[in-house]
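Q: Could you walk me through this model, one feature at a time?

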Amino acid sequence: MIDKDDFRPITRSRRRATITNAKSETVKPRNGETAAASDPKARESLTKNLQAQLSEDNKRKCDLYDKMSCHKLQESMLSSASSFKNYRGILNWCVVMLVLSNARLFLENLLRYGILVDPIQVVSLFLKNPYSWPAACLVIVSNVFILVALYTERKLAMGLISEKVGLLIYIFNLTVVLCFPMVVVLKLPSITPVGGAFALGVYTILFLKLYSYKDVNRWCRERTKVKARSLSRSLSFPVFLGPSSQSASSGIQSYVSYPGNLSLRDIYYFVFAPTLCYELNFPRSESIRMGFLLRRLFEMLLLTQLLVGLTQQWMVPIIRSSMKPLQEMDYSRMTERLLRLAVPNHFLWLIFFYSFFHSSMNFVAELLRFGDREFYRDWWNSETITYFWQNWNIPVHKWCLRHFYKPLLRRGAGKLLSQSAVFFASAFFHEYLVSVPLRMFRLWAFMGMMAQLPLAWFVARFLRGNYGNAAVWLSLIIGQPIAVLMYVHDYYVTHYQDDPTVTEAL
């Protein structure tokens with residue numbers, strides 16, 4: 001018979017029991033999971049599988065969300081926190097704007113002054129009399145000082161004179177190298193300022209070269225005495241020498257050792273080589289590349305003509321129009337003339353840098369098969385004044401470091417004192433190359449170079465990154481025109497103030 005309880009209404013307790021039984025059925029372990037639950041390694045493996053499954057599910061959901069989303073965490077491109085660095089389009093825009101703005105200035109200059117380019121006038125800058133070449137004769141006389149240095153080194157190598165006597169001869173020789181051309185330029189009126197500047201530049205380079213020649217040969221003698229050998233191999237550099245030193249087909253590397261370097265061929269190779277630091281064995285290239293040589297020659301000729309034309313057409317009219325505001329001390333017009341002069345002056349300086357440090361020096365290096373072509377580094381990225389002066393003229397920087405700065409440190413001088421001494425020497429030569437040809441002493445170049453010391457401290461202390469780079473560029477763009485205007489004004493006051501024809505032209 002049927003139990004009466006089966007027809008009773010379902011109570012909450014019975015319903016709860018039914019649900020509980022259903023849940024318990026769902027979580028019943030499968031075959032083998034009972035043993036796995038008791039095994040820790042199996043439990044850990046199971047946990048990892050579940051986590052991997054959950055991560056895959058989450059990844060699937062994230063991928064679906066990314067496909068639907070149009071936003072993500074990112075910075076604006078022009079923000080400093082952005083990693084975007086491709087500004088090629090902006091650079092092209094700057095170039096286009098620069099070309100357009102200078103084209104307008106060029107047309108304005110032509111409409112106002114006409115064509116001022118005169119090749120004949122360039123010749124008159126170097127020569128007053130076409131039959132008299134005093135600057136060229138002065139350069140030829142410099143061979144006497146080269147031969148004196150070579151003769152002195154040969155006598156020192158043979159032991160015929162002492163080191164003290166050799167030092168006295170060098171002091172006299174190097175002093176005359178600086179003083180003799182200065183006296184000739186100041187006393188001989190037939191030498192033009194441009195010709196005088198060229199001759200003094202040649203003698204200044206010769207002074208630095210002969211000083212290095214003296215130091216390196218002295219170092220060789222000292223090592224010879226210490227090690228009792230002709231020359232330490234550490235001073236030599238493996239090179240391919242010319243046909244006279246080796247067979248052109250053999251390719252055998254050879255060395256020149258002291259005193260075998262004391263020859264006319266060696267010293268004159270150093271005199272013409274694009275370096276100021278002497279070595280017994282320079283790195284040499286294997287051959288002369290005619291294509292490279294002709295490209296550099298074409299650049300030299302083209303850029304020289306461009307420099308002359310832009311100076312006559314662009315710089316000279318601005319300088320002439322600046323004389324009256326300078327005389328009247330009209331500061332507003334003086335500032336306007338200064339800013340007008342800044343652009344062409346800086347543009348010409350950049351052309352001169354490329355023409356001299358890249359085209360001319362690479363031409364000479366290729367002609368002489370001189371291997372070290374690092375004549376400049378990335379000075380345009382300078383963030384400090386010090387970095388600029390260390391990288392824009394590598395031959396001078398190497399000379400100062402090797403023969404002036406490090407010897408001062410070895411003698412106990414501090415870094416600040418040594419750096420100040422280097423800037424002082426540089427300021428002296430800048431003033432020497434400007435004041436003597438102009439036959440007036442105003443110390444503008446000297447003070448401009450010495451002002452680099454506090455400026456370098458200020459930029460390194462307070463300006464960083466792009467701000468420091470902008471300060472370097474600003475000092476180049478504005479600083480040079482100030483010195484140009486000062487010297488031109490003083491030269492005009494000294495030589496042409498009482499000339500009515502020049503006054504009317506201005």
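Q: Which residues is lysine 214 in contact with, leaving aside its neighbours within four places in sequence?
A: This is a predicted model. In it, lysine 214 is in contact with Glu153 and Tyr170, once neighbours within four places in sequence are set aside. Lysine 214 is found in helix α9.

Q: Does lysine 214 count as buried or exposed?
A: Buried means under 20% relative accessible area. Lysine 214 has 10% relative accessibility, so it counts as buried.

Q: Where do nonpolar side chains tend to be in soluble globular proteins?
A: They tend to be buried together. Here, the largest nonpolar core has 56 residues. Those with the most contacts inside this core are Phe207, Tyr213, Tyr278, Trp379, Phe388 and Trp392. Helix α9, residues 193-227, gives the most to the core: ten residues.

Q: What does tryptophan 379 touch, not counting residues up to four places away in sequence?
A: Tryptophan 379 touches Trp349, Leu350, Phe353, Phe388, Asn391, Trp392, Trp473 and Leu476. There is also a second, separate core of 16 residues, which includes Leu310, Met315, Leu338 and Leu485.

Q: How do I read the sides of a helix?
A: An α-helix has 3.6 residues a turn, so residues three or four places apart point the same way. Now take helix α17, residues 452-462: its buried residues are Gln452, Ala456 and Val459. They cover an arc of only 70° around the axis, which puts them on the same side of α17. The face turned away from that buried side carries the exposed residues Trp457 and Arg461.

Q: How many helices and strands does the protein chain have?
A: The count is 19 helices and zero strands.

Q: What share of the contacts joins residues 24 or more positions apart?
A: Take the contacts with a separation of 6 or more: residues 24 or more positions apart account for 72% of them.

Q: Lastly, what share of the residues is buried, and what does the accessible surface come to?
A: Buried residues make up 32% of the 506 residues in the protein chain. The accessible surface comes to about 32,400 Å², and 65% of it belongs to carbon and sulfur atoms.

Definitions and conventions: Residues numbered from 1 in each chain as written. Predicted model: local features only at pLDDT ≥ 70, side-chain atom pairs only at ≥ 80, totals over all residues. Heavy atoms only, no water. Helix = DSSP H or I, 4+ residues; strand = E, 2+ residues; numbered from the N terminus. Buried < 20%, exposed > 50% of the residue type's maximum accessible area, 1.4 Å probe, protein only. Contact = heavy atoms within 4.5 Å. Areas by Shrake-Rupley, 256 points an atom, 1.4 Å probe, with all protein chains shown as cover. Core = buried A, V, L, I, M, F, W, Y, C linked by side-chain atoms within 4.5 Å. Arc of directions from axis to C-beta.
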